[in-house]
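Hi,

Here is the structure I said I would pass on.

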Amino acid sequence: MRRIVFLFSACLCLAISSRAQPALPSIGGGFSSAHHTQVKLLLSADTAKPGDTIYAGVDLKMEPGWHTYWKNPGAAGMATEIKWQLPPGISADEIQWPLPEKFPPIEVTTYGYTNEVMLIVPLTLASNLPSGEIDLKANVSWLECKDVCIPANQDVEAKLKIGNEAKNSADAATIESWKSKIPRRDENWAIRAQWEKQAGGDVRSLIIEGTVLRQTKIVRIDTADFFPDASDNFEIQAATEKVPNTNALFCLRKIVKKFSGNWPKEISGIVTLEGSIGHENIEVNLPVVGQSSVGETTSAPDSSSESRTGVAPVSNLIEKNAETGATPVLPLMLLYAFIGGLILNIMPCVLPVIALKILGFVSEARSSPRRVRALGGIYAVGVLFSFLVLAAIVIGVEAAGHQAGWGMQFGSPVFLVCLTTLVTLVALNLFGVFEATLGGRTLDAAGNLAARHGASGAFFNGVLATTLATPCTAPFLAPALGFAFSQTAFTIVSIFLTVGLGLASPYVLLSWNPAWLKFLPKPGAWMEKFKIAMGFPMLATVVWLFSVATSDYGSRVFWLGVFLVVLAFAAWIFGEFVQRGRKRKGIAFTIILILLAGGYVYALEDKLHWREMIDETDTTSLAEPSGGIDWQPWSPEAVAQARAAGKPVLVDFTASWCVTCNAIVKPALENASVSAKLKEMNAVALLADYTRTPPLITDEISKFGGAGVPLVLVYPKNPGAAAMVLPQPSPLQLPSGYEKIVLDALDRAAH
Amino acid sequence: MKTAIALFTALTFATAAFAVEVGKPAPDFTGTDINGKTIHLSDYKGKIVVIESYNSDCPYCMNHYKTGAMQETQKDLAAKGIVWLIVDSVNKKNFSYRTPEQARKELADRKITATAWIDDNSGDIGHLYGMETTPDMYVINKDGTLVYDGAIDDRPEPFGDPRTAKNYVRTAVAELIAGKPVEVSQTKPYGCAIKYAD
């Protein structure tokens, strides 16, 4: 009888507790037992095709102070569980968990989430699924804790249409951004686990260390940690101790407690790293090798461990690197920086400014050599000053915790509009529409004012040359900059200044050697014509900038054009009536102000919305299937998927404002022989659009030692092999020359 | 040398954190129970002792009590002469803290059978034994050796009937009484984190 009563009350309690209703007895006392977590089911697609895989996002939003748990809750707690009720033909995969936080205290550390987390579940649709609408249901159960813990569960559901055309849902972007927070495997890292000592008792310390495979630039890891997966027989304690180790980029000690059975032969979990590479969370499955003293390079364990993880033991790789001598040092990088700066002079970006420089030299050559030297020096100062500003921006961006990229300011629409305006004014100035003097008076006292004009002009030329140089990269420049971005502020500044020195050096040299000036033609009437002629390359730069702005503004860019016309008109009035005119200057000024203000308010603010970019549509503008290549948008998942299928992958990192990308790389890639080769190899072609400098791509580029675009990668067929980074195109290299490099890399990738 | 020192300190810290080790003598402690009496572990030498770490509001504990499973175990073992000590290490500021009067009422309401309910709001006993969760169970032999440390059973759920699970405490006590070695001596405890005074 008692048993029946017990069972009955047990069932009752079961019914009550499984509903987690407020009907808990006063033992729970006083607080509201309504859920403190809101749960929703989101789907990445509104319509899906049979055979597709879509992603479900189970979103848990917790009230402040409350948390839920990771797949390994830690010392206490309970992992969130999803029980699916799916119609036939749909199967749910394992939950993909974003990286959790650690909750104190250290003795009872738990892993979980606060505020919000979205658990991602891949849903596979059978290929013979009939069309129609289906209901996806699930029961989500979790434990939410603050001062007390409350188990709770909730039914969720979502509808999905099956049809012929896949259509993303409005939640697809949110799901995608949560997906990117899920730790993944990373073949660039060689990580291993080993016991520190022989077993003795039920507590043993474990060393986890790792290094990066391709060391083309200095990588610095500031913090490293390991989040273990749950296991029954043993527990990896939450406390992590950093261990100094000159042979690895990171080395940590974890304490393992054994409950039963033997010591584990393999551990799995997440390695989280933070440092010059930004944040990286790596999913790992590590065989635990026998003990050795920390810091020694032991002989490689048997090759079975290598094939298991697909990655060579850490010690081997470090030796390999030492052999190839791929450890860059600062002096070498400075040399690269200087040469890179030098080469920048002949890149298409900077050429228009060269013309101005020559003009400047010729006009000054008649004055004293000292004057010429001074002007050369001032130009150099202008260049160096601009590089200092760039360095400060990079330092600021990195201090704010983001990854910096070379040319990243072109991702800002405001910068683009300002630069376009500036270059337009320079072109107008060259056409003679107005004069650019500070005093407002024109060429009266030729000596003095020309001198003043000369000085400010030289400085301004230096600044302009640097600003226009940034969308271009040069050989030697990429590794130097890539190295710089990962270093201290001092190193960043010194490398940037060295690039500046390289850029300015030809002119400084020229100005110091008056003898060479003899080879320049004598000043004369031709100068005026030459000046006007040089306005046209400037105009070409305006057109290029305008086309870059198109990707930011879409068809609204029309209003930028309108603004430029108004600007030109205002410039003419300025030149004609204020500078060259004698009376009615006041009225002229007023008209100019009205024009500029009106142009700004109406054209830029109101019509163009110059501070806002258009919503990023797909990258069809860059990824037009030209040359027969079917470019897919790049994502880390796309790479992983292709590699898992054993296909080689070609990745092109490019941006619409990147001149080298569009002038050399794009024509090299998009031609018949490359596309034929890709088809032959059954390779996947991915395009990473860096136009708006998304941080995910900045991070990825820095992983390969690059600083910006262009960057071309070829992942070989063998999923265990590392990616090949194609060399930077040199300035004189024709697309056909670069094409050979691409074909060669693809050949090697096929094996 | 530096590595050796670091390693030594790490392991000392690690072992200190697990101040109790199965197979070693269970450390003696002193506490005050909810009736105001002073309790020493050594008072019970010569008897089998079960220690239960307890939190009135933890859903895992609550499930054991609501279903009556825990009370049943306590009663059955008490009939066999086993000493059952409840250690409540919840700190005073926490919501789940029970004053001695509240605790006495709860003991009666929930029909708990225990030799003593120790108010460990300072957390001393909890830290000494490395208690991490509630419920966390310890079984001590007649001669004072710790023979079991870990979860109460193999079913870490805050709902359902614990009687369907394998109860490690019952098994360990039965093995001790029969003079057999305790087979499962250590498992990973489950439940809510203990609300220590930190």
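Predicted model: local features only at pLDDT ≥ 70, side-chain atom pairs only at ≥ 80, totals over all residues.

For chain B, the mean pLDDT is 88, with 90% of its residues at 70 or more. The stretch to treat with care is residues 9-18 of chain B, where pLDDT stays under 50. The model has 12 contacts beyond four places in sequence for that stretch.

Now to chain A. Its secondary structure comes to 20 helices and 24 strands. Of its 751 residues, 40% count as buried. If you take the contacts in chain A with a separation of 6 or more, 77% of them are between residues 24 or more positions apart.

One helix pair in chain A deserves a look. How do helix 8 and helix 13 of chain A pack, and at what angle? Helix 8 (residues 413-430) and helix 13 (residues 526-553) meet at about 160°, and their axes are 8 Å apart. Angles over 145 degrees count as roughly antiparallel, so that is how these two helices of chain A run relative to each other. The contact between them involves 17 nonpolar residues, along with 4 polar and 2 charged ones. As for handedness, helix 8 of chain A passes helix 13 of chain A in a left-handed crossing.

- Asn115(A) has a positive phi of about 65° although it is not a glycine. You will find Asn115(A) in the loop between strand 8 (110-114) and strand 9 (116-125) of chain A. Asn115(A) is partly exposed, with 13 other C-beta atoms within 10 Å.
- Asn682(A) is another non-glycine residue with a positive phi, near 55°. The loop holding Asn682(A) runs between helix 18 and strand 22 (684-689) of chain A. Asn682(A) is partly exposed, with 13 other C-beta atoms within 10 Å.
- In chain B, Thr134(B) and Pro135(B) are joined by a cis peptide bond, with omega at about 0°. Pro135(B) sits in the loop between strand 6 (133-134) and strand 7 (137-140) of chain B.

Cheers

Conventions. Residues numbered from 1 in each chain as written. Chains lettered and ligands numbered in written order. pLDDT = per-residue confidence, 0-100. Contact = placed C-beta atoms within 7 Å. Axes fitted to C-alpha atoms, helices over the stretch in contact; angles between N-to-C directions. Helix = DSSP H or I, 4+ residues; strand = E, 2+ residues; numbered from the N terminus. Parallel < 35°, antiparallel > 145°, perpendicular 65-115°, else oblique. Left-handed = near helix turned anticlockwise from the far one by under 90°. Nonpolar A, V, L, I, M, F, W, Y, C, P; charged D, E, K, R; others polar. Buried ≥ 20, exposed ≤ 12 C-beta atoms within 10 Å, placed from the backbone.
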